[in-house]
Number of protein chains: 2
Amino acid sequence: MTNDLIARRARLLGPNVPTFYEEPVQIVRGEGVWLWDAEGRRYLDCYNNVAHVGHCHPKVVEAISAQAAVLNTHTRYLHEGILDYAERLLGHFGHDLSQIIMVCTGSEANDVALRMAQAVTGKTGLIATDNTYHGNTTAVAHLSTRRPPIGGYPGHVRRVPAPDSLVPLGGSLAAQPQAFADGVARAIAELEEAGHGFAGLMLCPIFANEGTPGIAPGFLDPTVDVVRRAGGLILCDEVQPGFGRVGSHWWGHEFLGFAPDVVTLGKPMGNGHPVGAVVARPDVMAAFRGAFGYFNTFGGNPVSCAAAMATLRVIEEEGLVENARDVGGYALGLLRQLRHPLIADVRGFGLFFGIEFAQGAQPAGDFCGRVVEVAKARGILLGRVGRAQHILKMRPPMPFSRGNAEQLVETLDAILREMPA
Amino acid sequence: MTNDLIARRARLLGPNVPTFYEEPVQIVRGEGVWLWDAEGRRYLDCYNNVAHVGHCHPKVVEAISAQAAVLNTHTRYLHEGILDYAERLLGHFGHDLSQIIMVCTGSEANDVALRMAQAVTGKTGLIATDNTYHGNTTAVAHLSTRRPPIGGYPGHVRRVPAPDSLVPLGGSLAAQPQAFADGVARAIAELEEAGHGFAGLMLCPIFANEGTPGIAPGFLDPTVDVVRRAGGLILCDEVQPGFGRVGSHWWGHEFLGFAPDVVTLGKPMGNGHPVGAVVARPDVMAAFRGAFGYFNTFGGNPVSCAAAMATLRVIEEEGLVENARDVGGYALGLLRQLRHPLIADVRGFGLFFGIEFAQGAQPAGDFCGRVVEVAKARGILLGRVGRAQHILKMRPPMPFSRGNAEQLVETLDAILREMPA
């Protein structure tokens with residue numbers, strides 16, 4: 001059956017379409033933190049942040065169904081749905097981040113955010129880290145592709161050394177925040193010299209794709225200072241840390257303690273429904289709206305707004321941010337009790353944790369890959385991240401419980417005991 | 001109430017967010033070809049192609065609701081939904097257009113299509129007409145923006161003179177197909193000379209945004225010949241003509257009679273659910289998948305596939321392509337009986353028609369705008385298109401009936417009688 005599906009995928013979707021796991025899994029049903037495959041095997045989902053409030057949350061399903069039956073059209077007609085959602089969402093933001101553009105994906109959101117920086121500054125130069133991913137449009141992929149685009153990387157994009165935990169910038173975790181800022185300052189100088197000028201820096205505030213290496217409040221203060229002095233914008237990609245995942249706060253930038261100019265939202269926003277958004281200050285929005293005639297047909301339609309509103313309400317009403325803090329702290333404590341010679345670090349914020357596997361400064365990517373495969377065979381879905389794919393990535397749906405955390409850690413403990421270094 | 005919503009929009013969404021009509025309308029409910037505003041007024045929808053099989057079609061709503069309750073996750077796990085849909089959709093294509101990438105919007109689809117042309121050719125140069133719109137990402141907006149992007153238009157994009165009905169390329173409608181091809185040939189030569197090389201030409205096969213000026217089968221033959229000889233790809237944006245709207249065929253390129261290398265789909269595909277797709281030959285897909293590591297989190301998820309599958313089934317089961325041909329022909333016949341000194345042309349294919357208003361070669365954009373406003377006041381929703389917004393655009397949901405067509409034309413007749421030139 002699986003082989004049949006793989007063959008059909010190759011025929012209908014073409015080559016190199018990514019799947020998870022050496023033997024891909026056919027998932028047919030989801031509920032809360034659980035997924036089931038076609039043979040009825042149940043998996044504890046410790047990886048998927050899209051199903052933020054839990055797979056198939058009945059309140060989100062109900063909201064989508066109800067609105068889809070009444071009206072689904074674009075925002076060139078007036079509708080209260082987008083306004084009610086905007087009001088409720090923006091109430092969770094500070095720093096005068098008080099206006100919104102609704103789109104369909106995090107990629108579309110980041111594509112808009114880059115143009116906002118260009119509209120405000122009149123410059124084109126953009127900066128991101130050299131070990132990140134911000135999305136799949138042409139412009140956004142320039143920040144994050146691991147293969148050069150046809151024609152080569154465009155001159156107005158610079159990729160700066162990413163923070164790293166095994167080989168920290170500046171030689172130590174303590175020196176890393178300033179060393180990262182120094183890299184950004186050098187890239188700004190290069191962009192100025194090349195005539196592009198500096199428009200903005202895009203980053204995930206917890207450096208999720210870089211493996212969250214040594215991130216703590218204040219980490220970005222020197223960088224924010226460098227960007228501000230150069231007149232650029234800070235474009236904060238909250239697709240992974242946002243909507244309370246970090247537990248201590250609603251947004252990664254609040255946890256880090258800085259004020260972005262633009263925030264982008266994606267995956268978890270509609271619990272799986274294709275919806276994303278760009279949140280900005282009124283001056284930034286006005287510059288963008290003045291420079292570009294942007295319209296998104298599906299963006300902000302009543303059904304997408306109903307999905308996003310239901311997701312937001314569930315986060316609030318079920319206390320999922322508090323749950324992320326509570327269960328996240330509990331799980332991190334348990335994970336830190338795991339013992340294995342290749343465990344180099346265990347870290348996390350809220351319901352986002354990583355276990356870094358390495359021997360000295362040598363990342364253990366293959367070992368980490370085997371852990372993921374064995375865990376899958378034992379009913380636990382995990383992922384990997386980091387330059388050598390050597391960091392176990394755990395980012396479960398937000399209703400993850402203490403019992404779920406115990407099951408995760410007990411399984412990992414058993415796996416690690418059976419896997420010598 | 002309306003004023004309150006407009007004020008909230010300005011506060012929450014910022015300036016220059018487009019609405020239709022001098023006094024925007026608050027639509028709260030839709031069913032079939034009908035929309036209702038907050039005061040209970042009913043409108044005959046003669047404009048919206050997103051609700052392709054009719055607003056809130058119960059089979060599409062049911063498919064979305066049922067799948068959303070069971071599973072909604074990404075394509076890194078195996079799932080039959082995307083494969084079943086791909087098989088059924090691709091069965092409607094010829095020319096070895098047999099593989100698909102599913103995305104969330106027509107803009108995302110076009111953004112991928114441009115990179116496909118670059119991957120196949122190894123060149124960057126792209127061509128579109130100078131009076132079109134293909135979507136809102138940075139790369140796609142370069143083809144279609146009416147305002148230059150920050151930093152100016154990129155050198156690898158050329159915009160060629162669009163076909164026109166009032167001032168045809170080459171001096172006459174008969175000369176226009178060759179004259180358009182000549183413009184493309186000149187742009188290709190410029191791209192080669194500038195060192196970009198030629199990757200592809202993107203166009204809507206019926207030139208919907210250009211106002212469908214004098215389009216008939218064979219129109220693009222000289223252009224296809226020019227593109228093929230230069231080794232470039234034809235990227236066919238079927239967002240407007242596709243899924244049977246042209247009545248005579250499922251796709252605009254079949255009506256025109258040529259074989260594109262890539263086809264993109266958007267708005268009507270999921271009847272309002274955010275879903276789009278890129279369809280290509282296996283050699284084109286392999287080149288793209290080899291050059292770019294593309295993944296789209298929401299693209300091809302089971303709920304989007306269920307929405308698209310239900311929409312496709314309704315088109316087939318309700319005979320909506322045949323309906324577009326039948327009612328479209330009937331409506332065009334009625335529209336051609338309208339008499340007014342400013343009517344320069346009445347044309348259409350299937351359920352897509354335009355009335356061009358002009359005095360000689362002078363487009364009557366203001367007059368056309370007044371027709372749209374008065375029609376709205378009388379319960380008929382219409383749009384405008386063309387270089388001077390002087391062409392009345394009618395593109396209703398596909399279950400549009402002969403009775404609906406009579407209501408449309410009777411209302412237009414009454415309006416035109418009261419509006420002297």
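Author: In chain B, the residues B:F367, B:V371, B:V374 and B:A375 of α12(B) meet B:L412, B:I415 and B:L416 of α13(B), where contact means heavy atoms within 4.5 Å. By class, this contact has seven nonpolar, no polar and no charged residues; Ala, Val, Leu, Ile, Met, Phe, Trp, Tyr, Cys and Pro count as nonpolar, Asp, Glu, Lys and Arg as charged, and the others, Gly among them, as polar. The model is predicted: local features need pLDDT of at least 70, side-chain atom pairs count only at pLDDT 80 or more, and totals for chains, interfaces and linings use all residues. Residues are numbered from 1 along each chain as its sequence is written, chains are lettered from A and ligands numbered from 1 in the order in which they are written, and side-chain values use heavy atoms, with hydrogens and water left out.

Two packed helices are described by the angle between their axes and the distance between the axes. Helix α12 of chain B covers residues 365-377 and helix α13 of chain B residues 402-418; they pack at about 125°, with axes 10 Å apart. Axes are lines fitted to C-alpha atoms, for helices over the stretch in contact, and angles run from 0 to 180 degrees between N-to-C directions. Helices are DSSP runs (H or I, at least four residues), numbered from the N terminus, as are strands (E, at least two). The two helices α12(B) and α13(B) are therefore oblique to each other, since angles under 35 degrees count as roughly parallel, over 145 as roughly antiparallel, 65 to 115 as roughly perpendicular and the rest as oblique. The crossing of α12(B) past α13(B) is right-handed, that is, the near helix is turned clockwise from the far one by less than a right angle.

Chain A holds 13 helices and 16 strands. There, helix α6 (residues 176-193) packs on helix α7 (residues 221-229) at about 20°, with axes 7 Å apart. That makes α6(A) roughly parallel to α7(A). Their contact divides into nine nonpolar, two polar and no charged residues.

In chain A, the axes of helix α4 (residues 106-121) and helix α9 (residues 282-291) come within 8 Å and cross at roughly 90°, so α4(A) and α9(A) are roughly perpendicular. Here the contact residues comprise nine nonpolar, no polar and one charged.
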